[in-house]
Amino acid sequence: MSSYPKKYDIIVVGAGHAGCEAALAAARMGCSVLIMTIDLDGIAKMPCSPSIGGVAKGHLVKEIDALGGEMAKVTDKTAIQYRTLNTKKGPAVQSTRTQNDKIRYHIAMKEALEKEPNFDVKQAMVERLIVEDDHVVGIEDQTGFGYQAPAVILATGTFLRGLVHIGFTAIKAGRAGEFASYALSESLSQLGFRLGRMKTGTPARLRKSTIDFTKFERQHGDENPRPFSLFTKRMNATPIPCYIGHTNKRSHRIVRDNLERSALYGGRITGVPARYCPSIEDKIVRFPDRDKHQIILEPEGIYTEEIYASGLGNSLPMDVQIPFVRSVEGLEEVEIMRPAYAIEYDYVDPLQLFPTLETKRINGLYMAGQINGTSGYEEAAAQGLWAGINAALKIQRRPPFLLDRSDAYMAVMVDDLVTRGTNEPYRMFTSRAEYRLLLREDNAGRRLMEKGNELGLIDDETVKDMKERQKEISAEIQRVKNTVITPSKTVNEYLVNIGSSALRNAATLDQILKRPELGYQDIAALDGHPKKVDEGIAHQVEIEIKYEGYIQRHLRDVEKFKNQEKIKIPPELAYAKVYGLSNELREKLASVKPVSLGQASRIPGITPAAISIIMIYLKKHEAGRGF
């Protein structure tokens, strides 16, 4: 086999959202990186929704940004609408979501890759991993040409044995119109990896000029949006609305009458679909009593006619898709520019990964994104950053980068995957995070920026500014707690006028702020403090004071949680020797190989009694290391 003369520290296979973050992180940490993609024009492509963020997903984007990743910066450069979700709920579940120009997003991310030092970008299809003595040493492309590196990150998206379904027509493709990778999937099987099959899909793209938008409800973005990235100084968004509509009884009848012609319900798809993002066939079958389902028309960019029809995803043949889409009020004359389709692809059981996202079977091989069974741009990007950082640290012989579930949403996701695995496309939700009040979008910088600085991904000046800001927040919280307001006619008239009760006794400002109907601006009006407080600082002060009791409770829970995380389990521990464990539990523990007692406790089926047995065994054998 002929090989490229240049040797790299890390090769990244795939240039979707996971691959881009992995490659950029590793290069910025000083490693020489090669990123390989089937199509250079598909770098950071948004093959499904033209949006970034959303509930829990926005948290991931903020965390990527705070650690020095690229997604939030590119999002701000290419956004055409910003919306803050869950504004009527608590701060833990409030999330940012943008609509983005797909073409501009691709161009901006491609530019970021090409401008990065220590970085090569090449177009080729990777077909084989080169492994020697259970250690990856490089890859081989479809021409038989090799590239060498002691670390490889697979970020293959939906391309492993990808199969696109439109009715009973099946096309080998990683995405519509793009080659699938069959040989690489076979290479992984030959190396002994357990592979599974998953299914996702995307709706039709509709021609804007053929839509009657007067039949839809216009959905505008925020009037005064905040940027996604902490590093964005100027907003460039060109506000463009989305439009909300609904299917109807006629739409549902068309689908029901043709279910047997759907790839999903006609028995042509074996992959497991996403439960949280169902196709229209799934919705109609699972909710037969509903006579309508919401759809959202989302523009795919400023300079394109294409409209993404969210909510109309299906795997029906074209002769059914056309009347189905045209049954929606306002779409009677619509032209479909790209058909909806379902896609099946291989994924690797994530229980075969360490928490660093390195595989247990092959040293130096990492996996990130949909190959690990996840779904979504944001989940992929977060894993890419995580894998890229850890691959770079291993090359540099530095300790691994490991956050825990109390540190970040991305840590919750990684822990879920490598501890519990997944048998359906994994999606991030705020409900998955036990400590979500501590893991808010608004405090991602405070939580993670110093860690990004330690990795070399965030500069010293940025961390200094963050710390100064934190001092200002702490000082203002203390001032609010020390400021006493006494009852007076002016004070009580103000409180009554805004729907609150009058003061009977003197109270500190923090006590008043804890009233659910009041915000920081109200205590500022009562206080008459001459110094104007920055809006962002005021927002942080309000959250910290209003939720002080809940936050303190979370912090106590975190302390208990971290105590279990501190008890490490040696990788060589032979569970067969641990007396008192059932064979089933021994098999589970040996399969996952938990790195700590905390991780062991989260393996499905592991009981508190089993954790006690392991802890006693560890203490007994700690001195002699006789595991």
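User: Which helices are included in what covers the buried residues of α10?

Analyst: This is a predicted model, in which local features need pLDDT of at least 70 and side-chain atom pairs count only at pLDDT 80 or more, while totals for chains, interfaces and linings use all residues. Residues are numbered from 1 along each chain as its sequence is written, and side-chain values use heavy atoms, with hydrogens and water left out. Helices (H or I, at least four residues) and strands (E, at least two) are DSSP runs numbered from the N terminus, and contact means heavy atoms within 4.5 Å. The cover of the buried residues of α10 includes α2 (57–66), α9 (377–395), α18 (583–592) and α19 (597–601).

User: How many of the twelve residues of α10 are buried?

Analyst: Buried means under 20% relative accessible area, exposed over 50%, and partly exposed in between, with a 1.4 Å probe and protein chains only. Among the buried residues of α10 are Tyr409, Asp415, Asp416 and Thr419. Helix α10 is largely enclosed by the rest of the structure, because the buried residues number eleven of the twelve.

User: Why are the buried residues of α5 on the same side of the helix?

Analyst: In α5 (residues 183–190), the buried residues are Leu184, Ser185, Ser187 and Leu188. The arc is taken from the directions from the helix axis to the C-beta atoms. These residues lie on the same side of α5 because they cover an arc of only 155° around the axis.

User: Which strands stand at the edges of the open sheet of five strands?

Analyst: Two strands pair if DSSP finds at least two bridges between them. The sheet has the order β7-β3-β2-β11-β22, with parallel pairing.

User: What is the bridge partner of Val33 in β7?

Analyst: Strand β3 (residues 33–37) and β7 run parallel and are joined by five bridges. Within β7, the partner of Val33 is Phe119.

User: What is the angle between the planes of Phe213 and Tyr243?

Analyst: Rings of Phe, Tyr and Trp (its six-membered ring) pair if their centres lie within 6.5 Å; planes under 30 degrees apart count as stacked, over 60 as edge-to-face and the rest as tilted. By this rule there are seven aromatic pairs. Phe213 and Tyr243 form a tilted pair at 4.4 Å centre to centre, and the angle between the planes is 40°.

User: How many residues apart in sequence are the parts that this pair ties together?

Analyst: Both Phe213 and Tyr243 are buried. Phe213 lies in the loop between β15 (205–207) and β16 (217–219), and Tyr243 in strand β17 (residues 242–246), so the parts tied together are apart in sequence by 30 residues.
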